[in-house]
Amino acid sequence: MADHIGVRASGTLTAAHRTGHSLVVTRLQGLLAPGTETPPLKQEAAYSIVVQVRPLQQHAFTVGGRQIHAGAVPADAVSVVSLADCPRSVMSGPLDAVQFYVPHALVDTVARENDVPPPSHLAWPRADRDPVAAGLVALLLPGLAEPDPARAMFVEHTAMAFLAHALDRYGGGGAATARAVRSGLSPWQERRAQEILHARFATALTIAEVAQACRLSPSYFAAAFRRSTGQSPHRYLSDLRITEAKRLMRETALPLAEVALLCGFGDQSYFTRAFSQAVGASPGQWRRTHREGGIPH
């Protein structure tokens, strides 16, 4: 796109989705002579989403032979266009913008993962500011300026968060789509996290281990898990342990200290605190009220 417009790409990064589709982010910077006209773009099954970092002096924007915008463009404004629709631009002045190149197939994939019908198109008024998009772009600018492998995970998830936002705001689904789109775990991540938590709840499992299996940072995983399940990972894990403790107290005569260890609580004191807080009764009290004929069952 930089070569097409006649400006420089001052930074590029790629965020790969697990399906193999990739989203490419490029910062476009340069000075456009008055009336700079872009030649026809090759038709592609992809969207070009451009967020203005700084205002653009003049932009006459035509899509499919129909003029979409003519005039100045403020900072934080967005253009969204399918490259299959033959977009044409005439621009003037300093250009500083970030472009997201997003294959149609990736948009459809992310929509399905979030239980949203794939949109027939994405669109956004050219002169309307989008502060959320601008905020996400601001988070990506350091990675565009100085790529850092240590920040690759953060950059990838921020870019994918931008796509989720674009699907929500630009997909034409209105409030129903906004409610349906979530920024939680993808279906495979939620399944993987729950599989690990159920399989290893009785061990010294850490949330960092589960996050790593989902290819997320611990903090991002914790927030996404809560949005997806309605519970924090720690609460979910504690509930699994308490459920197993109840089973053991009903069906065996094991001492409470042993029940605590078998359920992953570490010691009886911690078990008692966690159980009492969740159930409203101590383990001993709960066990006595759930005996039949004085024999645990």
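I began with handedness: a crossing is left-handed if the near helix is turned anticlockwise from the far one by less than a right angle, and right-handed if clockwise. Before going on, I noted that this is a predicted model, where local features need pLDDT of at least 70 and side-chain atom pairs count only at pLDDT 80 or more, while totals for chains, interfaces and linings use all residues. Residues are numbered from 1 along each chain as its sequence is written, and side-chain values use heavy atoms, with hydrogens and water left out.

**Entry 1: α3 and α4**

I looked up the crossing of α3 and α4, and it is left-handed. Helices (H or I, at least four residues) and strands (E, at least two) are DSSP runs, numbered from the N terminus. Helix α3 covers residues 131–145 and helix α4 residues 152–170; they pack at about 160 degrees with axes 10 Å apart. Axes here are lines fitted to C-alpha atoms, for helices over the stretch in contact, and angles run from 0 to 180 degrees between N-to-C directions. So α3 is roughly antiparallel to α4.

Contact means heavy atoms within 4.5 Å. On the α3 side I found V132, A133 and L136 among the contact residues, and on the α4 side F154, F162 and Y170 are among them. By class, this contact has twelve nonpolar, three polar and no charged residues. For the classes, Ala, Val, Leu, Ile, Met, Phe, Trp, Tyr, Cys and Pro count as nonpolar, Asp, Glu, Lys and Arg as charged, and the others, Gly among them, as polar.

**Entry 2: α6 and α8**

I then turned to α6 and helix α8 (residues 218–229), which pack at about 95 degrees with axes 11 Å apart. That makes α6 roughly perpendicular to α8. E190, A193, Q194 and L197 of α6 meet F221, F225, S228 and T229 of α8. I sorted them into four nonpolar, three polar and one charged.

Is helix α2 enclosed or open? Seven of the ten residues of α2 (104–113) are buried, so this helix is largely enclosed by the rest of the structure. Buried means under 20% relative accessible area, exposed over 50%, partly exposed in between (1.4 Å probe, protein chains only). The cover over its buried residues includes β2, β3, β6, β7, α4 and α6.

A nonpolar core is a set of buried Ala, Val, Leu, Ile, Met, Phe, Trp, Tyr and Cys residues joined through side-chain atoms within 4.5 Å. The largest one has 32 residues, and V25, I49, F100, V102, F162 and Y170 have the most contacts inside it. I see that α4 gives the most to this core, with eight residues. A second, separate core has 17 residues, including L185 and Y236.

**Entry 3: single residues**

S82 is in strand β6 and is buried, at 8% relative accessible area. Its C-alpha lies 8.7 Å from that of I49, though S82 and I49 are 33 residues apart in sequence.

Most residues other than glycine have a negative phi. D76, not a glycine, has a positive phi of about 75 degrees; D76 sits in the loop between β5 and β6 and is partly exposed at 29%. R215 has a positive phi of about 60 degrees, lies in the loop between α7 and α8 and is exposed at 53%.

Conventions
Angles under 35 degrees count as roughly parallel, over 145 as roughly antiparallel, 65 to 115 as roughly perpendicular and the rest as oblique.
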